[in-house]
Amino acid sequence: MNLFSPLTLGALQLPNRLVMAPLTRSRSGVDGVPGDLVVEYYRQRATMGMLVSEGTYPSAAGQAFVRQPGLVTGEQIAGWQRVTAAVHAAGGRIIAQVMHSGRITHPETNGGHTAVAPSALAHDGESRTYAGKRAYPVPRALETAELPAIVEEFVQASRNAIEAGFDGVELHGANGYLLHQFLSPTSNTRSDAYGGSPENRARLVVETTTAVARAIGAGRTWLRISPEHNFQGALETDPADALATYAALADGLASLGLAGLSILHRDPSGSLVQDVRARFGGPVLLNSGFESITTLKDAQDILGWADAVVVGRPALANPDLAHRWEKGLPLNEPDFATFYTEGAAGYTDYPFWSN
Ligand SMILES: Cc1cc2nc3c(=O)[nH]c(=O)nc-3n(C[C@H](O)[C@H](O)[C@H](O)COP(=O)(O)O)c2cc1C
């Protein structure tokens, strides 16, 4: 099997196994509407096997970042329709990452809403808001009776994504945002059926994924997780507990027939990832995390342990990454200074290979 062989993921046929990672770029309007630049950015990258959009919020309270796009309003859906049409016209496939921030936000970013989370525990550190850097607030702990409405936010945003022309959705259960906050014992200290044991902490993610799969079809539904990433305060430092939590999650998903499970973990060949993969039973997409930028060699190695490879910064900096890697061509280097800034610089101006 090689990176440039085709792959079926649920309802989609990918021409290669390179999946563009979800990458927050903060180039949409303050109203959460993706505009012309965003259309151009995704269109340029359509030769990847599949694109995963940046994290998009399913409710105003769930917005994490300034200039982040949403999947809530009619204008946002219309903006995304232009993006998906451009990607499809260029021969590509694109799914939407649906991401609720949970406690990783601030009222100065999300329109004044109180942050919500499994437990009333603030994340240490500062959020970049429209008003400058601010300490993360203490979130309000969600009542048990409110959780069906959170599930419904993900379902409605997923329906909106399909209306916007996306080929499917990836639910963001990774990197310390709301769903991951439920999975981790450091951000979830609840005593109801959604806290405590590994099975209980996995419950909301299983329920949300099940509900979305029912609403838009399992063949169009992905979930992203990042076990033991220990990022943004969602810590999983006890290996036995992490294994039990993600085993419970994988067991809960196994019968759904999802299009895929995307796993971010520094050790793709390790026992946790491969145990989760075996329990899940469906296609697995892998990324080895932030520590070093994925190289072609990394991608080839990772493919020994997964069905597809999720690639972030090289795809950010190389719109024609699939072509460059297939031909062994040199790469543009990503410019970290422009990851989250405004405008075309460091966004749509990375050159294509010109020979
Ligand atoms: C600028 C930037 C934005 C990111 N935004 C997201 C995001 O919105 N959702 C997500 O799940 N991961 C996000 N990530 C993580 C990437 O998807 C990926 O896992 C990470 O960049 C490591 O892979 P790489 O070495 O191939 O870049 C982001 C990473 C970067 C560098």
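**Close-up 1. Helix α1 and what covers it.** In helix α1 (residues 36-44), the buried residues are Val-38, Val-39, Tyr-41, Tyr-42 and Gln-44. Buried here means under 20% relative accessible area, with exposed being over 50% and partly exposed in between (1.4 Å probe, protein chains only). Helices (H or I, at least four residues) and strands (E, at least two) are DSSP runs, numbered from the N terminus. The cover over the buried residues of α1 includes β3 (18-20), β4 (50-56), α2 (74-89) and β5 (94-98). A word on the model itself: it is predicted, local features need pLDDT of at least 70, side-chain atom pairs count only at pLDDT 80 or more, and totals for chains, interfaces and linings use all residues. Residues are numbered from 1 along each chain as its sequence is written, and side-chain values use heavy atoms, with hydrogens and water left out.

**Close-up 2. The largest nonpolar core.** This core has 78 residues, and Tyr-42, Leu-249 and Leu-261 touch the most other members. Another core, of 14 residues, lies apart from it, with Leu-14, Trp-222, Ala-259 and Val-310 among them. A nonpolar core is a set of buried Ala, Val, Leu, Ile, Met, Phe, Trp, Tyr and Cys residues joined through side-chain atoms within 4.5 Å. Look at Leu-261: neighbours within four places in sequence aside, it is in contact (heavy atoms within 4.5 Å) with Leu-223, Ile-225, Leu-253, Val-276, Phe-280, Pro-283, Val-284 and Leu-285.

Close-up 3. Helix α6 (residues 239-253) has 15 residues, so at 1.5 Å a residue it should span 21 Å, and its end C-alpha atoms agree at 21 Å apart. The expected span is 1.5 Å times one less than the number of residues. Buried in α6 are Asp-241, Ala-242, Thr-245, Tyr-246, Ala-247, Ala-248, Leu-249, Ala-250 and Leu-253. They pack against α4 (178-183), α5 (198-216), β11 (221-225), β12 (260-264) and α7 (271-280). Zoom in on Ala-247, which counts as buried because its relative accessibility is 8%. Leaving out neighbours within four places in sequence, Ala-247 is in contact with Asp-275 and Arg-279.

**Close-up 4. The loop between β11 and α6.** Glu-236 sits in this loop and, at 4% relative accessibility, counts as buried. Not counting residues up to four places away in sequence, Glu-236 touches residues including His-180, Pro-185, Asn-230 and Tyr-246. Glu-228, found in the loop between β11 and α6 too, is another residue that Glu-236 touches. Phi of Glu-228 is near 60°, a positive value in a residue other than glycine. Most residues other than glycine have a negative phi.

**Close-up 5. Arg-67, in the loop between β4 and α2**. Arg-67 has a positive phi of about 55°, although it is not a glycine. Its relative accessible area is 15%, so Arg-67 is buried.

**Close-up 6. The largest pocket.** Its volume is about 1,000 Å³, and 33 residues line it, with Thr-24, Phe-65, Tyr-177, Phe-290 and Tyr-340 lying nearest its centre. On a 1 Å grid over the protein atoms alone, a pocket is an open set of points where a 1.4 Å probe fits, with protein on both sides within 12 Å along at least five of seven lines; lining residues have an atom within 4 Å of a point. Volume is the space filled by probe spheres set on the points, which are joined across faces, edges and corners. The largest share of the lining, three residues, comes from β7.
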